[in-house]
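Visitor: I have a fold open on my screen and would like to learn how to read it. Could you walk me through it?

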Amino acid sequence: MDCVQTDSIQPDIVKAHDVARYYQLKSAGFSTRRGVVRAVDGVSLSVSTGEVFGLVGESGCGKSSLGRLLLRHEPVTRGRIWFEGADISRFSAARLKKLRRQAQIIYQDPYSALNPRQKVGRIIAEPLEIHGIAGGAENRARVDWLMEKVGLRPGQAERYPHEFSGGQRQRIVIARALALNPKLLIADEPVSALDVSVQAQVINLLKQLRAEFNLTYIFISHDLSVVAYLCDRVAVMYLGRIVETGPKTEFYDQPLHPYAQALLSAAPRPDPFSKNTRTLLAGDVPSPIHPPNGCAFHPRCPQCRDHCRQHPPPLEQKSPNRWVACWEV
């Protein structure tokens, strides 16, 4: 299989083919563990310009690692990545610096993502100075404008990050990500560290900025309700691989992969009268150091057959817009 395609008339801004990222374990202290952690293990996908692409799955499934790979914050072990048609898999440091102007990331923890020794205005202005875009009065005007766009007052630029609430700090992170006027934003669990009421404010801000700046999002989350509200298309990851992808409406109405069905059945519903039959999975997520043979999900799958234990299923097109990695679908 090449890359997962969509029926959108928009061109693809990001493509990945058979992307993998392995980490070599090294002994440290009294630990003598050896082996390779398969954080991302053969992912192929495509994201169309202007869409919000949701990436969901349990903690440790490789979502954040994949996000960093798509921005080339880390080198790929295997596979290729294209950004607007250019193969960035082997970009030099100089070419990656140019890529940073087009693609940015919003981190999960807004406090650790900000330098506590720098004032907020300096934090937001730093990308402009590094890339030589603006300086002096123009720089300050740009910072004031960005702060207003994310719902902060320009006068707050002289404060330090610890003087802001969690939601305000995440707005600062978003302003810094927008400073270079990027085309792509990867939002890595951007609201998971925030209170529920603040989550809604930040999500609505991201939705507003998408329309205003013509942004493309890759939205990484384990919160299926947030993904349902914000995203156009959804991909489900399990143990470093994508097991299902498709349009949001079709995915939520009828998930096809057994793991996707279990995820959706576990999501709480706001209607107290709705009947929600839980799909309970046996066992725990296998170790990415020693993944099972065949389908990685087979030790927990209620539909497992003998061939599932022996052969890993490819991500195949099951309907015009649905791709699933399962022998039984």
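Guide: We'll go through the sheets, the helices and a few single residues.

Visitor: What sort of model is this, and how are residues numbered?

Guide: This is a predicted model, with local features needing pLDDT of at least 70, side-chain atom pairs counting only at pLDDT 80 or more, and totals for chains, interfaces and linings using all residues. Residues are numbered from 1 along each chain as its sequence is written, and side-chain values use heavy atoms, with hydrogens and water left out.

Visitor: Let's start with sheets. In what order do the 8 strands of the open sheet come?

Guide: Two strands pair if DSSP finds at least two bridges between them. Here the order is β6-β7-β8-β3-β9-β10-β12-β11, and the pairing is mixed. β6 (103–106) and β11 (316–319) are the edge strands, each pairing on one side only. Neighbouring strands of this sheet are turned by 20° against each other on average, direction ignored.

Visitor: How many bridges join β6 and β7?

Guide: There are 4, in the parallel sense, with β7 covering residues 184–188. To find one on screen, pick Q104: its bridge partner in β7 is L185.

Visitor: And the sheet with 4 strands, how is that one put together?

Guide: It's open too, in the order β2-β1-β4-β5, with antiparallel pairing. At the edges, pairing on one side only, sit β2 (36–48) and β5 (86–87). β1 (residues 12–24) pairs with β2 over 10 bridges in the antiparallel sense. R21 stands opposite V40 in β2.

Visitor: Now helices. How do I describe two that pack together?

Guide: Two packed helices are described by the angle between their axes and the distance between the axes. Axes are lines fitted to C-alpha atoms, for helices over the stretch in contact, and angles run from 0 to 180 degrees between N-to-C directions.

Visitor: Which residues of α5 and α6 meet?

Guide: Contact means heavy atoms within 4.5 Å. On the α5 side you'll find G167, Q170, R171, I174 and L178, and they meet V198, Q201, V202, L205, L206, L209 and F213 in α6. These divide into 8 nonpolar, 3 polar and 1 charged (Ala, Val, Leu, Ile, Met, Phe, Trp, Tyr, Cys and Pro count as nonpolar, Asp, Glu, Lys and Arg as charged, and the others, Gly among them, as polar). As for the spacing, an α-helix has 3.6 residues a turn, so residues three or four places apart point the same way.

Visitor: Where do helices lie against the sheets?

Guide: α5 lies across β6 and β7, running at about 175° to β6. α1 (residues 63–70) lies across β1, β2 and β4 (78–83), at about 120° to β1.

Visitor: How many residues of α1 are buried?

Guide: Buried means under 20% relative accessible area, exposed over 50%, partly exposed in between (1.4 Å probe, protein chains only). In α1, 6 of the 8 residues are buried, so this helix is largely enclosed by the rest of the structure. They are K63, S65, L66, G67, L69 and L70.

Visitor: What about α9?

Guide: 7 of the 9 residues of α9 (residues 258–266) are buried, so α9 is largely enclosed as well. Its cover includes α7 (224–230), β9 (233–238), β10 (241–247) and α8 (248–253).

Visitor: Which residues does Y217 touch?

Guide: Not counting residues up to four places away in sequence, Y217 touches E51, V52, F53, L185, L206, L209 and R210. Y217 belongs to β8 (residues 216–220) and is buried, at 1% relative accessible area.

Visitor: Finally, backbone angles: what is the phi of R72?

Guide: About 60°, a positive value although R72 is not a glycine. R72 lies in the loop between α1 and β4 and is buried, at 11%. N181, also not a glycine, has a positive phi near 55°. N181 lies in the loop between α5 and β7 and counts as partly exposed at 45%.

Key:
Helix = DSSP H or I, 4+ residues; strand = E, 2+ residues; numbered from the N terminus.
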